[in-house]
Amino acid sequence: MSLSSNKVDEKHMAISIKKKIESFVFLLMLCLWARVLSPLHGISKLLQKQDIDLQKALDRLTDAYTCMQQLRNDYCSVVENASNLAIKWGIPTDDKVAHQKKARLFFDVIDGDRRLNITYDNFKIKVFLPIFDTIICQHKDRFKGLHNVCTIFNFLKPQTLLGPDEITIKGSYDFIQMYQTDISSDLTSQLLSIKEIINNKNLNSFQALASFILENDFATSYSDILGACIIYLTLPVTVATAERSFSKLKIIKSYLRNSIGQERLSNISILNIEQLRTKEIDMDKILTNFSNMKAIKMKFD
């Protein structure tokens, strides 16, 4: 790292940053976050897809939870990887413990801004374990609702339908009590009836079950099963779609379009959000119909 500036403050700041980057603790921190963020990045991208359902999302999140638990018990491999990189890059592994400066405190000042003196010896206790404990705890709390929803719809999975009738009957009864306005009491009998039809069809998802009902014109006979599948498939996995809508809204309503009306803003937003459907629209046909509607000249026979 080099700095071409002639200012003394900038040179001292660059030297200080260079000294911190070339420390073994900094390299150990990089190796730690690389092991943490690599599996989570792929799962985050997968959860933002439009065609993912709740069960697939729960399976991937369960894999991430298991991976974080395994990494928590694999501290030696992180240290070994950091040591190999330090030897390769010529960074000393024996960091000296710097003296921690303490500012003078008055009677009304809270001592809460003291930095941790992190070294190679206390890195596991002060950094490594708290990071993984926080990730695991947040994973449990944030996706508890997703796990509960998948548990409620578990009876509707084709693999569960082919199991014992007791599980299907109890699960459908609890589901009917929860969705009384959308699902009738005939759901249980429909589930027991369709079990014989899908026995050898190799259906492995809710979408496959709904497609099977629609393709074979069973929508009338198994309307409640189809309705339950639609409810499951339309439940959002993440809020990525809503966040994209707000991002589009910020782009559309700029400072130059500050006086745009609410109806026009809503229509333009829908066209931008649903770009795949917008590209299929025949603009020439729309312009022709619009010009015919607004034509001033009238044809006389």
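1. Of the 301 residues of the chain, 27% count as buried. The model discussed in this note is predicted. The chain contains 15 helices and zero strands. Among contacts between residues at least 6 apart in sequence, 66% join residues at least 24 apart.

2. The first local feature concerns the surface. A nonpolar patch is formed there by Met 13, Ile 17, Ile 21, Phe 26 and Leu 30, which together have about 450 Å² of accessible area. Helix H1 (8-21) and helix H2 (24-47) each supply at least two residues of this patch. The most is given by H1, with three residues. One member, Ile 17, is placed in helix H1. Ile 17 counts as partly exposed because its relative accessible area is 40%, a value between the limits of 20% for buried and 50% for exposed.

3. Lys 18 is partly exposed, with a relative accessible area of 31%. Glu 22 is also partly exposed, at 41% relative accessibility.

4. Why are Asp 63 and Arg 60 separated by about one helical turn? They are three residues apart in helix H3, and the separation is therefore about one helical turn. Asp 63 is partly exposed, with a relative accessible area of 41%, and Arg 60 is partly exposed, with a value of 30%.

5. Arg 72 is partly exposed, with a relative accessible area of 28%. Asp 133 counts as partly exposed at 36% relative accessibility.

6. Helix H3 also contains Tyr 65. Is Tyr 65 buried or exposed? Tyr 65 is buried, because its relative accessible area is 18% and buried means under 20%. Leaving aside neighbours within four places in sequence, Tyr 65 is in contact with Ile 136, His 139 and Lys 140. The C-alpha atoms of Tyr 65 and Ile 136 are separated by 6.7 Å, although these residues are 71 residues apart along the chain.

7. Helix H11 (residues 223-234) has twelve residues. From its first C-alpha to its last, H11 reaches 16 Å, close to the 16 Å expected at 1.5 Å a residue. Which residues of H11 are buried? They are Asp 224, Ile 225, Leu 226, Ala 228, Cys 229, Ile 231 and Tyr 232. The buried residues of H11 pack against helix H3 (54-72), helix H6 (144-152), helix H8 (165-178), H9 and H10.

8. The loop between helix H9 (187-197) and helix H10 (206-215) is the place of Ser 205. Ser 205 is buried, with a relative accessible area of 18%. The side chain of Ser 205 reaches the backbone nitrogen of Ala 208 at 3.2 Å. Asn 202 lies in the loop between H9 and H10 as well. Asn 202, however, counts as exposed, at 70% relative accessibility.

9. The backbone of two residues deserves attention. Most residues other than glycine have a negative phi. Phi of Asn 202, by contrast, is near 55°, a positive value in a residue other than glycine. Asp 217 likewise has a positive phi, of about 55°, although it is not a glycine. Asp 217 is found in the loop between H10 and H11. At 68% relative accessibility, Asp 217 counts as exposed.

Note on methods: Residues are numbered from 1 along each chain as its sequence is written. This is a predicted model: local features need pLDDT of at least 70, side-chain atom pairs count only at pLDDT 80 or more; totals for chains, interfaces and linings use all residues. Side-chain values use heavy atoms; hydrogens and water are left out. Patches are made of residues with over 30% relative accessible area and no salt bridge: like charges are joined within 9 Å, nonpolar side chains (Val, Leu, Ile, Met, Phe, Trp, Tyr) within 5 Å. Accessible areas come from the Shrake-Rupley method with a 1.4 Å probe; for residues, only the protein chains shown count as cover. A salt bridge is a side-chain nitrogen of Lys or Arg within 4 Å of a carboxyl oxygen of Asp or Glu. Helices (H or I, at least four residues) and strands (E, at least two) are DSSP runs, numbered from the N terminus. Buried means under 20% relative accessible area, exposed over 50%, partly exposed in between (1.4 Å probe, protein chains only). Contact means heavy atoms within 4.5 Å. A polar contact is a pair of N or O atoms within 3.5 Å; within protein, one must be able to donate a hydrogen and the other to accept it, and residues adjacent in sequence count only if both atoms are side-chain atoms. The expected span of a helix is 1.5 Å times one less than its number of residues.
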